[in-house]
Amino acid sequence: MLEPALLPTPLVDCTDEAFARAGVELRLKRDDLLHPSVPGNKWRKLAPNLAAAVEQGHTRLLTFGGAYSTHLRAVAAAAGALGLESVGLVRGEELADRPRNWSLRAAEESGMRLEFLTRAAYREATGRAGDGDGAEVQRRWGPCLVLPEGGSNALAAVGAAAIPAELPDLDGRDLVCCPVGTGGTLAGIAAGLPPGARALGVAVLRGGEGYLEAEVARLHRAGFGREFANWRIDHGHHGGGYGKVPPELAAFAGEFERRHGIPVERRYVAKLLAALADLAGAGAFPRGTRLTAVVTGLPDPE
């Protein structure tokens, strides 16, 4: 059985001098505490897909990810708890013969079968999978429910739309913020906001201008039958690219942890918080703005 989630997740006021000087309020939505084995936005996005898998009689899940993919670990843990098989297609055939890192080891320990692909084959497989159209993938790897890289599909966006409903009294002063890797969490947040409130995503990969916006719009059409105009993506705080954590970002995260006693995941959450601090300091937010930063995941183990 899959353990129940902690819902609603805690909402913590975060008094921070950098934001106070700018006349901006900061709150943290602690989705990192949501579930012990399927943390943060992974649970939000996976829960409706898992329900669909069980309802449709699937016995196996297949998905995609890199060497340290939280999504792979989350799918493995959730599938194992529900008695489903899982297959993870991993980017990088050179990893096949190497000792497993802690992340891939955790996925295998949860029962996931890993298959390692060249980067070209990986791009081809993820492209063919599409949003729910996994016919080509299933012909090669057998009958399964195919989940896209990062877990972002229409059902995932619908799952993430529950986040704003857990935030009281949202209005025109509110900006709900999250890191953006594949767009599903931002799409859900924007769709779930009441009139007046807005959403801000911080891209964690380099070169996503236009592509990520198109993905969020696509998820809106697929999940909600319409597009929304209440969101935007900041592309200036990716730290050099996906998975990159430059020294100044690591230092910011460490200092934030020391000031507030909250662990900061480096590849997504640190970029979000650093972007908000930088933008606040530059006067990008009107005074009186209330920022809610969605803490989407846990730090990697030491």
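Colleague: In this predicted model, is Asn49 buried or exposed?

Modeller: A residue is called buried when its relative accessible area is under 20%. Asn49 has a relative accessible area of 5%, so Asn49 is buried.

Colleague: Where does Asn49 lie?

Modeller: Look for helix H2, which covers residues 41-55; Asn49 is part of that helix. Within this region, a polar atom of the Asn49 side chain lies 3.0 Å from the backbone oxygen of Lys45.

Colleague: Which residues is Asn49 in contact with, leaving aside its neighbours within four places in sequence?

Modeller: You will find Leu145, Leu147, Gly151, Asn153, Leu155 and Ala156.

Colleague: Now the cores, please. Which residues touch the most other members of the largest nonpolar core?

Modeller: Here is the general idea first. In soluble globular proteins, nonpolar side chains tend to be buried together. In this case, the largest nonpolar core has 29 residues, and those touching the most other members are Phe19, Leu26, Leu28, Leu276, Phe285 and Leu291.

Colleague: Which helix or strand gives the most to this core?

Modeller: That is H11, with 10 residues. Several elements supply at least two residues each, including strand S2 (25-29), helix H10 (247-260) and helix H11 (269-281).

Colleague: What is Leu276 in contact with, beyond its neighbours within four places in sequence?

Modeller: Its partners there are Phe19, Leu26, Cys177, Leu200, Phe285, Leu291 and Ala293. There is also a second, separate core of 24 residues, with Val38, Ala67, Ala76 and Val90 among them.

Technical notes: Residues numbered from 1 in each chain as written. Predicted model: local features only at pLDDT ≥ 70, side-chain atom pairs only at ≥ 80, totals over all residues. Heavy atoms only, no water. Core = buried A, V, L, I, M, F, W, Y, C linked by side-chain atoms within 4.5 Å. Buried < 20%, exposed > 50% of the residue type's maximum accessible area, 1.4 Å probe, protein only. Helix = DSSP H or I, 4+ residues; strand = E, 2+ residues; numbered from the N terminus. Contact = heavy atoms within 4.5 Å. Polar contact = N/O pair within 3.5 Å; in protein donor to acceptor, adjacent residues only side chain to side chain.
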